[in-house]
Number of protein chains: 2
Amino acid sequence: MFKKFQVEDLVQETDSKIVMLVMDGVGDIPHPDYDFKTPLEAAKTPNMDKLTEKSVLGRIVPVHYGITPGSGPGHLGLFGYDPRNYTLGRGVMEALGLDIQMFPSDVAARGNFVTMDKNGIILNRRGGKGEEARLTTEESTERVKLLSEKVKKILSIEILLTPGLDHRFVAIFRGREIRANMTDADPQQTGKPISQIRALDSNSQISAQIANEFILRANKVLADFEYGNALVLRGFSKRPNWPTMKQRFKLDCCAIAEYPMYRGIAQILGMDKLAASSGAEEAFKTYVKNHDKYNFFFIHIKKTDSYGESGLFEEKVKVIEDVDSALPIILDKMPDTLVITGDHSTPVYMKGHSWHPVPILIHSDYCGTDQTKRFTENECNIGGLSTFPARHMMNLALANAMKLEKYGA
Amino acid sequence: MFKKFQVEDLVQETDSKIVMLVMDGVGDIPHPDYDFKTPLEAAKTPNMDKLTEKSVLGRIVPVHYGITPGSGPGHLGLFGYDPRNYTLGRGVMEALGLDIQMFPSDVAARGNFVTMDKNGIILNRRGGKGEEARLTTEESTERVKLLSEKVKKILSIEILLTPGLDHRFVAIFRGREIRANMTDADPQQTGKPISQIRALDSNSQISAQIANEFILRANKVLADFEYGNALVLRGFSKRPNWPTMKQRFKLDCCAIAEYPMYRGIAQILGMDKLAASSGAEEAFKTYVKNHDKYNFFFIHIKKTDSYGESGLFEEKVKVIEDVDSALPIILDKMPDTLVITGDHSTPVYMKGHSWHPVPILIHSDYCGTDQTKRFTENECNIGGLSTFPARHMMNLALANAMKLEKYGA
C-alpha cells in the first residue's frame, strides 16, 4: 500500500517569512487601444524591474486550463487548496463579502429580490419595475428591514437578513438543527415560478421545509410592493471546516486585505485579519509593523481587478504603478520568500475575469534567476518557473523559504 | 468504467536503443562568485552545443513543484516510476549504498551508533565523545565487529551488520519470518531515550520484539565503551518487488554506474549492472562495448552532484567538461534516443540538493528542434520540451526511439 504523497509531511516549522502579494486580476492580454500592450507592460515599474533580475518568473493556471475562476477559487489555489476540491458555497461567499460573521452551524443563502406577477411567475430577476430595472440598494434595505421584523424565526431557526448591493441580500439560517444540503429556490430565469426547495439528503428534509416556509411567509409580506415583491434563495451552504494553513504548513498567517470577501476567505483558512488598509503603501507598512508576529503575509490589492472589470486601462496601470512605488517598503524588510502574482487575469479588453494564466514572480536567496527583465505576461512565458497550476505555488513558496525537508534518501 | 491509460499498453519491442546519460545533480542556479553563471553556463561544451542544435531541450520537475528529492526519488522519476508512489525505505537505500545484497525476505534498517548516559538518555546522535564529536568509521567498524561476534541471532533471525561512513551502519535481519512494518527506535533527537519499536500491523509484532531485543542485547555489549556506547535503528524496510523496466517497457536494460546506491536502484528495476567505471570516458566506452546486448543504457555520472554538495564550482564545471569531451564516444555510436539530464539539481551555492527543475536534452532522428543553442538552464527554459514532471520523460525517450504505438484510431 502506498502512503499518499503530501507536501505537509515535509514541512518544518521555521522563522523564515513568506510574503504573498496578490494583485487581484493583474493578468491581462494586449489591448488594441493601447498599442497592444498589457497594463503590466504599459506601467512604469522600476522597482519590480530591478527585482525581476534577481527573481524567477512564470505563469500560474488558477483552476485548470481554460477555466475562468471566481475570487474564491482564484485565491484558494494560491494558498495551496486545490479549488477543484475545496469549494465555497455561493451563500457563504456572499456572506463573506458582506462581512457577516457565521457560526459553524449557520447556513447562508444568497438572496435576490425579484418582481413576480399575480400568478407567481417571475418577471424580473433583479426586482425592479418592469422587465429591466434593478431594485436599488435602498429599496432592498427597506425590504430587509421589514422582513426582519415580520419573519424572524421558523420553529427554532432564526433567520437573519443582510442587504447587499442592488437587489441582493444574504439570509443566514441560525440554529443547531439547520442543514444545507438542498436545492435552490431561484429558477435562474424569468417566466418561471419560484422553485420548491428540495432536500438532497434525509438530514436536510426539515431544513428544506423551513426554507420553503420562510420564502412563503416573506413573499406574503412583500406582496404589497409594486415591484421587488418577492424573494428567491440559492446556494445554501455552511462555513467549511477545512484544515488551516497552520495545520497544513505550520505557518502563522495574516491577511492584509481591505475587502471583506478576501478577509473572509483568509479567515476560513485560519489567517488573522489585520486592520484593513487602503492602497499599497498602507498595506505594505502593515506588513512591516507585523513582521515579527507572523511568518506568512497575504497582501491583497483589489483595484487591479476592479479597473479590469470596468475596462479602465489607464487606471489599472496606475494601480500597478502605485504598488511598484510602494514596493521598497517590502524590499527594505525583505522576507525570505516574496511572491508577486494575482488570483486570476481580468483583461481590460474583456471587462471581466478570464482563464489566462497569471504572471508570477518568486524571489528568495535561493530562487535562481532566468533571462527575464520585466514582470510582464510575455516575459513570464519564458521564465524559469514555466507555466504551472496555481495550487502548486505554495510548495515553491515554502521551498524558497527553506521550509521543506528533502523527500526520500 | 474507464480503463486506466498506461503507456505500457503502447510499448512495442524493437531493437532501437535508448541512452540515458544522467549527470547527478547537474542542475544549478547562477553563482554570485562566478559572474552569476551556472556550471553548465560556465563550462566549455562544444560537443553538447553542437548536439543541442539538433535536439530539443526542456526542464524536468523530479518529484513535484518545490520538492527537493533524495537520490532514490530523483532516479525513480527518470525511469518512469512516479516517486510519489514508488518509495524506497531508508534501510534499503542505505543497504544499496553499501552494496549489500539483500534477499527478498531480508529486512534492512539504517543504524546509528549514539552516545547514551547512564539513564539511557541519548547525548550525541553521532556516537562521539561529548555532544559534538562524531564516531569515526574505524570506531564504528570496531563496534560492528564486536557485535557480529556477540549478537548473531535472535530466535531464527540472523542479524548482519555492515559498517558505513562515520557513525552509520546497516543492519540486515535475515529469516523468512521477519517483517518490516514497524516504527523506528531512533527518536531523532538528543535528550530522549531510545524509542520502543512498535509493530504497525499484526504480522510484524514478533519482528518488532526481535528488533527491540536486538537493540537491548547490542547495547549491553556496547555499554562498556565510553562513547558510541549504544545503537539505534530506523527505516525498517524490505527490497521492493516492483514491475521491472523489462516488464513495463519491454526494454533490456543495463546500468553503467560506479556508486553502489545507483547500481542498487537500477538492479531493483531489473537492470543488469555492468562493470563499474570511473569517469565519463570509461563509462561511455562501456556503452559502446555493450551496444548490441541491450537497448536501454543508464549511464550515471556521480561527481557533478558531489562537487555541488561540496560547493566546488570549478570542479563541477570540470566534470561537465569531461563529459563533453568524452561525448563523441557516444555520438559515434549514436543510439536512437539520447537523453542527457540529471536526477535533481545540486546548486553549488546551496551545497545540497534542491527543488529547481533539471535541464534535459533529447536527441533522436525525430526529436525536432527548437531555438536553443546551448544545454543550459536558461536555454532549457525556452526549449521545445517545456517544463514537465520527470516521470513522463520515459514516454518521450520511448517515443523518440519509435517504441510507442499510436494511441487510439
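This is a predicted model: local features need pLDDT of at least 70, side-chain atom pairs count only at pLDDT 80 or more; totals for chains, interfaces and linings use all residues.

Colleague: What rotation superposes chain B on chain A?

Modeller: A rotation of 125 degrees does so, with 0.0 Å of shift along its axis and an RMSD of 0.1 Å. That is the relation of a three-fold axis. The C-alpha of chain B nearest the axis belongs to B:Ile382, at 3.3 Å from it.

Colleague: And what surfaces do the copies use?

Modeller: They use different surfaces, since 7% of the contact residues of chain B recur in chain A.

Colleague: Let us turn to the domains. What does the assignment give for chain A?

Modeller: The domain assignment of chain A gives domain 1 (7-87 + 242-400) and domain 2 (92-237). The centres of domain 1 and domain 2 of chain A, taken over C-alpha atoms, are separated by 35 Å.

Colleague: How many residues does the contact take from each domain of chain A?

Modeller: Five residues come from domain 1 of chain A and five residues from domain 2 of chain A. On the domain 1 side, helix 8 (residues 260-268) of chain A has the largest share, four residues. By class, that side of domain 1 of chain A has three nonpolar, two polar and no charged residues.

Colleague: Now the sheets. What is the strand order in the open sheet of chain B?

Modeller: The eight strands of that open sheet in chain B follow the order 10-9-11-1-12-13-2-14, with mixed pairing. Strand 10 (272-273) and strand 14 of chain B are the edge strands, each pairing on one side only.

Colleague: In what sense do strand 2 and strand 13 of chain B pair?

Modeller: Strand 2 (residues 56-61) and strand 13 (residues 358-364) of chain B pair in the antiparallel sense over five bridges. Within that pairing, B:Ile60 has B:Val358 in strand 13 of chain B as its bridge partner.

Colleague: Which helices pack on the sheet?

Modeller: Among them is helix 9 (residues 280-289) of chain B, which touches strand 1, strand 9 (253-256) and strand 11 of chain B. The direction of helix 9 of chain B makes about 170 degrees with that of strand 11 of chain B. Helix 11 of chain B also packs on the sheet, touching strand 1, strand 11 and strand 12 (337-341) of chain B. The direction of helix 11 of chain B makes about 165 degrees with that of strand 1 of chain B.

Colleague: What about the open sheet in chain A?

Modeller: In chain A, eight strands form an open sheet in the order 10-9-11-1-12-13-2-14, and the pairing is mixed. One of its pairings joins strand 9 (residues 253-256) and strand 11 (residues 296-301) of chain A in the parallel sense over four bridges. There, A:Cys253 has A:Phe296 in strand 11 of chain A as its bridge partner.

Colleague: Back to chain B. Why is strand 7 described as largely enclosed?

Modeller: Six of the seven residues of strand 7 (residues 168-174) of chain B are buried, so the strand is largely enclosed by the rest of the structure.

Colleague: Which strands pair with strand 7 of chain B?

Modeller: Strand 3 (residues 107-116) of chain B pairs with strand 7 of chain B in the antiparallel sense over six bridges, and B:Ala108 stands opposite B:Ile172. Strand 6 (residues 157-163) of chain B also runs antiparallel to strand 7 of chain B, joined by six bridges; here B:Glu158 has B:Arg174 as its bridge partner.

Colleague: How many residues lie between strand 6 and strand 7 in the hairpin of chain B?

Modeller: Four residues lie between them, and B:Asp166 in the turn has a positive phi of about 55 degrees.

Colleague: Lastly, which residues of helix 10 of chain B are buried?

Modeller: In helix 10 (residues 303-310) of chain B, the buried residues include B:Lys303, B:Thr304, B:Asp305, B:Tyr307 and B:Gly308. Their cover includes strand 1 (18-23), strand 11 (296-301) and helix 11 (313-331) of chain B. Helix 10 of chain B is followed by B:Gly311, which has a positive phi near 75 degrees.

Note on methods. Residues are numbered from 1 along each chain as its sequence is written. Chains are lettered from A and ligands numbered from 1 in the order in which they are written. A residue is buried if 20 or more other C-beta atoms lie within 10 Å of its own, exposed if 12 or fewer, and partly exposed in between; C-beta atoms are placed from the backbone. Helices (H or I, at least four residues) and strands (E, at least two) are DSSP runs, numbered from the N terminus. Two residues are in contact if their C-beta atoms, placed from the backbone, lie within 7 Å. Copies are superposed by least squares on the C-alpha atoms of residues with pLDDT of at least 70 in both. Domain bounds come from an automatic or database domain assignment. Ala, Val, Leu, Ile, Met, Phe, Trp, Tyr, Cys and Pro count as nonpolar, Asp, Glu, Lys and Arg as charged, and the others, Gly among them, as polar. Two strands pair if DSSP finds at least two bridges between them. Axes are lines fitted to C-alpha atoms, for helices over the stretch in contact, and angles run from 0 to 180 degrees between N-to-C directions.
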